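Dear colleague,

Please find below the sequence and structure that I am handing over to you. A short account of what was found follows.

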2 protein chains.
Amino acid sequence: MMTVRQVSDKTGVSIRTLHHYDSIGLLRPSAVSEAGYRLYDEEALERLQCILMFRELQFPLKEIRRIMDSPDFDRNRALEQQITLLELRREHIDHLITLARGVWMLGVKCMDFKAFDTRKIDEYSEQARKSWRDTPTWQEYEQKHSGLSDEQEQAIAEGLMAVIGEFSPLRDQPAASPAAQAAVKRLQDYMTAHYYTCTDQLLKGLGKMYGGGGSFTENINQACGDGTAEFVAAAIAAYTA
Amino acid sequence: MMTVRQVSDKTGVSIRTLHHYDSIGLLRPSAVSEAGYRLYDEEALERLQCILMFRELQFPLKEIRRIMDSPDFDRNRALEQQITLLELRREHIDHLITLARGVWMLGVKCMDFKAFDTRKIDEYSEQARKSWRDTPTWQEYEQKHSGLSDEQEQAIAEGLMAVIGEFSPLRDQPAASPAAQAAVKRLQDYMTAHYYTCTDQLLKGLGKMYGGGGSFTENINQACGDGTAEFVAAAIAAYTA
DNA sequence: ATACACCATGACAAAACGTGAGAGTCAAGA
DNA sequence: TCTTGACTCTCACGTTTTGTCATGGTGTAT
């Protein structure tokens, strides 16, 4: 568990930035100390690394969050795009170096604005972003959340937590019990109503995220009582089997 | 002479950005049409190229302006730094590509934050900026303009134009005439009082800028009457001889 | 003349932090 | 135990560099 300063020193990300990422829900600390200090673990660092990768490619932070919090997030596709974009950027830098050297050593003054023109890169970047937004999942999310105030979004998120909270008193029953299965159904319905059509496939993904031992697990357990997250995961697993 | 759209299309810089650069005095249009349209010539494009080079290196726009408007602006030193910085950035990108490929193909999860850490680059960048600010010229400017409102800065700039305007009625006299030489002296004093100690050396640089046929020349001639800029340049040349 | 693409100014917005005030925390030493 | 100094927190406002209307004037081609 590292404090903000330690994370900052290790990663080069400013403390303010960590605060910022916390406040917009992009990177929540793994835990919060008695005194309210943010504490980050290895898993948070991993997420941060991923965030930085997207950020390096000029993705808006909000989109980074949406992408990474989505249960159908395809890491491989992301990396592939990222590599392509990085290679474009490298080419861009090479052009600039060539240009600068030309001006410097030969006094060339020919206008080579191609060197500065980032439109091709921006275009690819835009297309990459679009390729994420083009998934039906994203579309639906967009449609359901367009024109919603921050408080309303907050309310939806809290509503989701409440639905998950319903699992809490059922923990002593088997995951396949009718009560638990009904709760899974309600969770799926809530997701479908407020986020995107939650197919069994996506539900499965959600279950993995909740029970994976990561920040999702911890957040749920902290809010709804220890073991809730794992129980939800088990119930979902039973449901989708 | 190109309109904003044409410049935008050729360079990839947005129209809004051109407006902005005009409004902060970073890139003034070479001329303004009857109807107030901004018109840019080749020389403006050259300046724009230089601006973009600095911008690529994260210099704040205000500093870019100060640097480029200074008569002791050493373009070669600038280029040298720029090349170094670009090479650092290239190295950075290479690291990122390596990292991304590693994660992608080998599933490596080791935290290599060095790849994201831009502190070395920022550090060099900062040092580069500092190296411009460390000239006595800059120091003095900083000291004389610290705590001045925008209007006051404006007033000083207008005062300078007024001093230059004094040359206008002397244009039919020889550049070495006592009246012209006295005007040069007043110009030098004004610069020293409100900008930086204007040595004969710097004065010479100013003269070249004014008479060089560039935007300075045009601005002066537009404000004070055709031929004024060239006359000032000649008077300064006579003075520093 | 009227459509249509283009330009200007002005004002507001937004993204991603920076910065500073005011106040609480924590470990180490006098 | 008390203090000191380095950290931390939360507002809250500032900054930089554009993007985005709104409103209104230009220029030209049909």
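**A buried methionine in chain A**

At 6% relative accessibility, Met53(A) counts as buried, a class that means under 20% relative accessible area, with exposed meaning over 50% and partly exposed lying in between (1.4 Å probe, protein chains only). Met53(A) belongs to helix α3 of chain A. Once its neighbours within four places in sequence are set aside, Met53(A) is in contact with Leu79(A) and Gln82(A), and also with Leu96(B), Ala100(B) and Phe116(B) of the other chain; contact means heavy atoms within 4.5 Å. Met53(A) and Tyr40(A) are 13 residues apart along the chain, and their C-alpha atoms are separated by 19 Å.

**Basis of the values**

This is a predicted model, in which local features need pLDDT of at least 70 and side-chain atom pairs count only at pLDDT 80 or more, whereas totals for chains, interfaces and linings use all residues. Residues are numbered from 1 along each chain as its sequence is written, chains are lettered from A and ligands numbered from 1 in the order in which they are written, and side-chain values use heavy atoms, with hydrogens and water left out.

**Chain A as a whole**

Chain A contains twelve helices and two strands; these are DSSP runs numbered from the N terminus, helices being H or I of at least four residues and strands E of at least two. Along the sequence the order is α-α-β-β-α-α-α-α-α-α-α-α-α-α. The radius of gyration of chain A is 22 Å, well over the 18 Å that the globule rule gives for 241 residues, so chain A is more spread out than a compact globule. That radius is taken over C-alpha atoms, and the globule rule is 2.2 Å times the number of residues to the power 0.38. Taken along the principal axes, the C-alpha atoms of chain A fill a box of roughly 80 × 40 × 35 Å.

Of the 241 residues in chain A, 46% are buried. Among its contacts between residues at least 6 apart in sequence, 62% join residues at least 24 apart.

**The interface between chains A and B**

In this interface, 39 residues of chain A are in contact with 39 residues of chain B. The area buried between the two chains is about 3,800 Å², and carbon and sulfur atoms give 69% of it; buried area is the accessible area (1.4 Å probe) that two parts lose on being put together, summed over both. Gln49(A), Trp104(A) and Phe113(A) supply 18% of the area that chain A buries against chain B, more than any other three residues.

Gln58(A) has a positive phi of about 70° although it is not a glycine. Gln58(A) is located in the loop between α3 (42-56) and α4 (61-69) of chain A and, at 54% relative accessibility, counts as exposed. In chain B, Gln58(B) has a positive phi near 70°, again in a residue other than glycine. Gln58(B) lies in the loop between α3 (42-56) and α4 (61-69) of chain B, and its relative accessibility of 55% makes it exposed.

Ala162(B) is found in helix α8 (residues 150-165) of chain B and counts as partly exposed at 47% relative accessibility. Ala162(B) and Thr228(B) are 66 residues apart in sequence, and their C-alpha atoms are 12 Å apart in space.

With kind regards
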